[in-house]
Every structure is written in structure tokens, then in C-alpha cells.
Amino acid sequence: MTASGVTFRVAIVGCGRMGSRFHAPAFAAQPDCRIVACASRALDKAALLAQTYGATAYAGVGELLEREDPDVVVITTAEWAHLEPLRAALAAGRHVFIEKPLHAARGQEWVNWEDHEQAAAVLAGWDRRRSLVGVNFNYRTMPHLRQLKADIESGALGTIRLVDASVHLNCWSHAVDLLRWCCGDVSEVFAHWSVGEERLERAVSLRFASGAVGTLVGARYDFRDDLFRIEVYGTTARGVVEGLNGSYRRLAEEAPEPDVLWPRKDFGNDLFGPSFRASIDAYCEALRSGRQPSPNGDDALAELAVEAAIHRSATSGQATAVPRAERGE
């Protein structure tokens, strides 16, 4: 409990690796949050996590909401099981923190137009005056990516003209979000991907609402440090981020050496685990202030819209406009 006397009652829905290893500990570490319930279709997993925090275990979100009356519902189920607890939590006027992507019925590599429509239908019931909805795009908290964002916003790169990105498919949703976060809305895509049920390597041409263009390539390969690379070309300089634990370089036009150089060795330890805590810290600060967090549910739906357009383009062979949703109240 904080000095204000407010304690947020937190329910964890989804008690697998993400919920138990990252989300639950980060919420439990907040001075004004208390985990009161854990839910999972596998009740034994819910019971195990609940025991850790002195909470109550449930097999379903409906009974949990009725009996525990949580303030915050944390959704860390598999991506194909997000919408049921999200719909229930929003209908009850609860705050929500949800893993990315917002919805993917066949898994995160297969996001399609129907996934976006279904997620949009659920968020249509979101009353922003009652519920704060945050999404765990935790890569946004990483220092090398934040420096790229800062350089773009400050004009250190000049006017952005071109973006070139390549990522491991496990980071695909994050990469789409990062490009939106750094360079603005994507208005149109033209996509190709490989044929087959098991491997979906893809190459996408992007047009941003700002007029900038770009490419985004995704593939599956052995895990290594360079899980993604994003290069942003401006009129006066370019910014380059590489790797999850990463480096950042800013290279001025015609300069022999980078203006800014953060090699990987400067960061040392893993950034992935701490990024969850940083993301949840930021969400809890939004809870305390009563303001919608960033990123929020609108960002999650906008990211999903880009993925939906990529799927439609790849399957139709045509350039596809990214759907734009009207925000509710």
C-alpha cells in the first residue's frame, strides 16, 4: 500500500512461463499491487502460482471476476486465448494489461484479417473512461531502441525517408510495433512470403503515412544475439539498432565515424528480462495517474492491423491498405 492508501487487486490470467516468470513477479514487486487471483485452464498451474502469492486459483475468468473483484486483469495466456478474458474484463470495467499480439487464432506467425476484425470487435466495447488498457510491447523500454526513437523525435536524423528492418519471426509483432512507434502509422503494405505450413519467411514493402517507405523482412533461424536489425535513414543521418541486448549507432551523412556508438559490451547483461519489469512499472505509473498508458489497447490494435494487411497482401498478391479503426470513448 502506498501513502495514498490505494492497493490495486491484481488477477493473473494465464499461468505459464510469461505469467509466472515475468508478469506476476513484476506486479507483486509494486508497492501498491497485490496478486489476489490466478486463473488457468490448467488448474494445477493456477494453483501453483497462486500459492506463491497467497492468492486463490481459478479455472475460468468469469468466476474469478465475480468472486475476487480485481482492479487489474493481467492476460498472459497464449495469443489465441486473449479475447475471452479481455472481453470479460472490459465488460466488467476492469483495467487490463495484456501480452502481445492482441489476438492470433492460429498463432502469432499467422495473424490475418479475421484476427484483426475479432479484436476490433472486442475493443469496441472498451470504455476508456473506466478501463486503462496496457499492452506489453516491452522492447520499447530497451535503451538502444529508446535512443533511436529520441533521435527521430529530436530531428537528429533529419526527415525520415527510408526504413530497413530484418527480424527473427519470434520478434515479428515487436518489430511491427517498433516501426510504428518510431516512424508513425503504416498506411499500405505489399507482402510476399514463402509457401508452406511450417515456415513463413516473409518480405514486406511498407508505406508510412508520413510519406516514408521501408522494408521489413522476417525469418526463422537459430537464436543468436542479432534477433533484429532496424536501420532508419533520414535526410541528415541514419540510426541503426542491432540485437536484443543491442547496439545503437547514429551516422551523420558523409561522416567517417558514428556520432553515437553504443556497442553491445556497454550493456553487458540481459535486457530482455528487465524489459518486462520496466514495461509493467510504466503501466503501474499510468494506473496511479489514472491516464491511459503507452503503449495501450489502441497501439495493440494498430499493430495487429498492419499484420492483418500483410497477410491479406501476401495471399492476394496485391498492395493492401492498413485498416484504420475509429476510436471509442
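The model is a predicted one, so local features need pLDDT of at least 70 and side-chain atom pairs count only at pLDDT 80 or more, while totals for chains, interfaces and linings use all residues. Residues are numbered from 1 along each chain as its sequence is written, and side-chain values use heavy atoms, with hydrogens and water left out.

Let's start inside. A nonpolar core here is a set of buried Ala, Val, Leu, Ile, Met, Phe, Trp, Tyr and Cys residues joined through side-chain atoms within 4.5 Å. Buried means under 20% relative accessible area, exposed means over 50%, and partly exposed is in between, using a 1.4 Å probe and protein chains only. The largest core has 47 residues, and the members that touch the most others are Tyr139, Leu148, Val189, Leu216, Ile230 and Val232. Helix α7 (residues 172-183) gives the most to this core, with eight residues. Helices (H or I, at least four residues) and strands (E, at least two) are DSSP runs, numbered from the N terminus. Apart from this core lies another, of 30 residues, including Leu83, Val111, Trp126 and Ala300.

Valine 232 is worth a click. Contact means heavy atoms within 4.5 Å. Leaving aside neighbours within four places in sequence, valine 232 is in contact with Leu148, Ile152, Leu157, Ile160, Leu162, Val163, Cys183, Ala237, Arg238 and Gly239.

Now for the open space. Elements giving two or more residues to the lining are α1 (17-28), α4 (83-91) and α9 (272-289), with the largest share, three residues, coming from α1.

Tryptophan 80 is found in the loop between β4 (72-75) and α4. Not counting residues up to four places away in sequence, tryptophan 80 touches His103, Ala104, Ala105 and Gly107.

On to the charges. A salt bridge is a side-chain nitrogen of Lys or Arg within 4 Å of a carboxyl oxygen of Asp or Glu, and a search of the whole structure finds 20 of them. One joins arginine 41 and glutamate 84 at 3.7 Å, N to O. That pair links distant parts of the chain: arginine 41 is in the loop between β2 (33-39) and α2 (43-53), and glutamate 84 is in helix α4, 43 residues apart. Arginine 41 is exposed, at 66% relative accessible area.

Glutamate 153 and lysine 149 form another salt bridge, with their closest N and O atoms 3.1 Å apart. These two are four residues apart in helix α6 (residues 143-154), so about one helical turn separates them. Glutamate 153 is exposed, with a relative accessible area of 59%, whereas lysine 149 counts as buried at 14%. Elsewhere, Arg229, Glu231, Arg238, Glu242 and Arg249 are linked in a network of salt bridges. Within it, arginine 249 and glutamate 242 have their closest N and O atoms 3.4 Å apart.

Finally, the backbone. The peptide bond from lysine 100 to proline 101 is cis, with omega near -20 degrees, and proline 101 is in the loop between β5 (95-98) and α5 (113-123). The bond from serine 294 to proline 295 is also cis, with omega near 5 degrees; proline 295 is in the loop between α9 and α10 (297-316). Aspartate 69, a residue other than glycine, has a positive phi near 50 degrees.
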